[in-house]
Amino acid sequence: MDFVRLWLGLLLPLGGALDFGYHHQEEMEAFLKNVARNYSSITRLHSVGKSVKGRNLWVLVVGRFPKEHRIGIPEFKYVANMHGDETVGRELLLHLIEHLITNDGKDLEITNLINSTRIHFMPSMNPDGFEAVIKPDCFYSNGRENTNFYDLNRNFPDAFEFNNVSRQPETVAIMEWLKTETFVLSANLHGGALVASYPFDNGVPATGTSHSRSLTPDDDVFQYLAHTYASRNPTMKKGDQCKNKMNFPNGITNGYSWYPLKGGMQDYNYVWAQCFEITLELSCCKYPHEEKLPFFWNKNKASLIEYIKQVHLGVKGQVFDQNGNPLPNVIVEVQDRKHICPYRTNKFGEYYLLLLPGSYVINVTVPGHNPYLTKVVIPEKSQNFSALKKDILLPFRGQLDSIPVSNPSCPKIPLYSDLPSHSAATKPGLFLFLVTVFHMFVK
């Protein structure tokens, strides 16, 4: 181990800045623990599980209320280093953490972001893979998989076909973690290409595979999210910077259009965790020389921050009965974009729907009762670090005994295998391009 670098990590943030180099597990832990100790009012460090070799899967939470859930404060997450040999994202998240904590109270945008969002950082989902890389390589190394030689981004349940692989400890830890928070928006960071990829990664004809794509009911939002990230990265947005790779117009792609992938994490997040996730491929070289890291930070810093802000798109609120009791597990979805696993309120009766500006009808469904419809209009310019707030008072008296105490889990089976039609998923939103142009001018 480089003890000089570890010593510098222990000093941060009391004296020096985080260096641009690769930080192995001990160094990364020292940095995260030091941040949590010295910025305890806006950070919390915890582990959500362990790798095959027993290394902690650390998560640092940044926000004005990092230790507790607050009503109306959306949860955002970044996950990196799923493939141990794809290293740029791991280092970028450490530098993003440093940037946020050291600019709180100094930079208005950063301060507002910390005040209005709980941001969860997992710098390394595959620490064993990272430590296993002996000779870094641009294209592939034995650190890609975990210690049991499983690709973690092929290890999740799949909504389209059976994925009968042995579920790995790292994967199980992520799946359990997703149950503990109401994550709204997410991204996982990779390397080996330069593109923002959005769901679905797998598909069936009903989601558009006959047209070489697989689109979600929220395709307009996903294209917008991918474009938000790519458009602020001057290299990524060109779409053709990696030799011998595909060209990606405007630096974005539908995952299935690029190549089908079974058991991917972004599809799992969207289907089973109610969390919109995209995949960010940040470097043509999977494990570039560390002197290139400042270049990647400068190209991605604005995108990383702007993407977090998108957690405040659309509409949010709580669902109550006539006595003012918040109602958990109530289905709350836009009428024409139902999810294969219905999106429900959490235990506090909260819901979050990421939507672009426009007029929508929200369908609120309680078991045993007729649907309750309400109209919302998302304004062209979103409120300052807040989605449109729309609480919903249902015309029922007293607590609804028919609503279960815990969220009923959607079965982990290929849910889309027998889907006869999915019209919203096969038609990209025409509104996207107008909104994108507007977004570029008002930000």
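**First stop: strand 3**

Select strand 3: E75, K77 and V79 point one way from the strand, F76, Y78 and A80 point the other way, and all are buried. Buried here means under 20% relative accessible area, with exposed meaning over 50% and partly exposed in between, for a 1.4 Å probe and protein chains only. Six of the six residues of strand 3 are buried, so the strand is largely enclosed by the rest of the structure.

Before continuing, please note that this is a predicted model, in which local features need pLDDT of at least 70 and side-chain atom pairs count only at pLDDT 80 or more, while totals for chains, interfaces and linings use all residues. Residues are numbered from 1 along each chain as its sequence is written, and side-chain values use heavy atoms, with hydrogens and water left out. Helices (H or I, at least four residues) and strands (E, at least two) are DSSP runs, numbered from the N terminus.

Two strands count as paired if DSSP finds at least two bridges between them. Along this pairing, Y78 has F121 as its bridge partner in strand 4, and V79 stands opposite M122.

Now widen the view to the open sheet of eight strands, whose order is 1-2-4-3-5-8-6-7 and whose pairing is mixed. Strand 1 (43–50) and strand 7 (252–254) stand at the edges with a single partner strand each, so one side of each has no neighbour in the sheet. On average, neighbouring strands of this sheet are turned by 20 degrees against each other, direction ignored. Select helix 2 (residues 25–38), which packs on the sheet and touches strand 1 and strand 2 (56–62); the direction of helix 2 makes about 30 degrees with that of strand 2. Contact means heavy atoms within 4.5 Å, and axes are lines fitted to C-alpha atoms, for helices over the stretch in contact, with angles from 0 to 180 degrees between N-to-C directions.

**Helix 4**

Select helix 4 (residues 108–116), where the buried residues are I110, T111, L113, I114 and S116. Among the elements that cover these buried residues are strand 2, helix 3 (88–103), strand 4 and helix 10 (293–309). At the N-terminal end, D107 caps helix 4, with a side-chain oxygen 3.0 Å from the backbone nitrogen of E109.

**An annotated residue**

Which residue does UniProt list for "active site"? The unreviewed entry gives E281; such annotations may be inferred rather than shown by experiment. E281 lies in strand 8 (residues 276–283) and is buried, with a relative accessible area of 8%. Leaving aside residues up to four places away in sequence, E281 touches H190, G191, G192, A193, L194, V195, M236 and W258. A polar atom of the E281 side chain lies 3.4 Å from the backbone nitrogen of G191.

Finally, select the open sheet of three strands, ordered 10-12-13 with antiparallel pairing. The edge strands are strand 10 (331–334) and strand 13 (372–378), each pairing on one side only. The twist averages 25 degrees from one strand to the next. Strand 12 (residues 358–365) pairs with strand 13 in the antiparallel sense over seven bridges, and Y360 stands opposite V376 in strand 13.

Key: A polar contact is a pair of N or O atoms within 3.5 Å; within protein, one must be able to donate a hydrogen and the other to accept it, and residues adjacent in sequence count only if both atoms are side-chain atoms.
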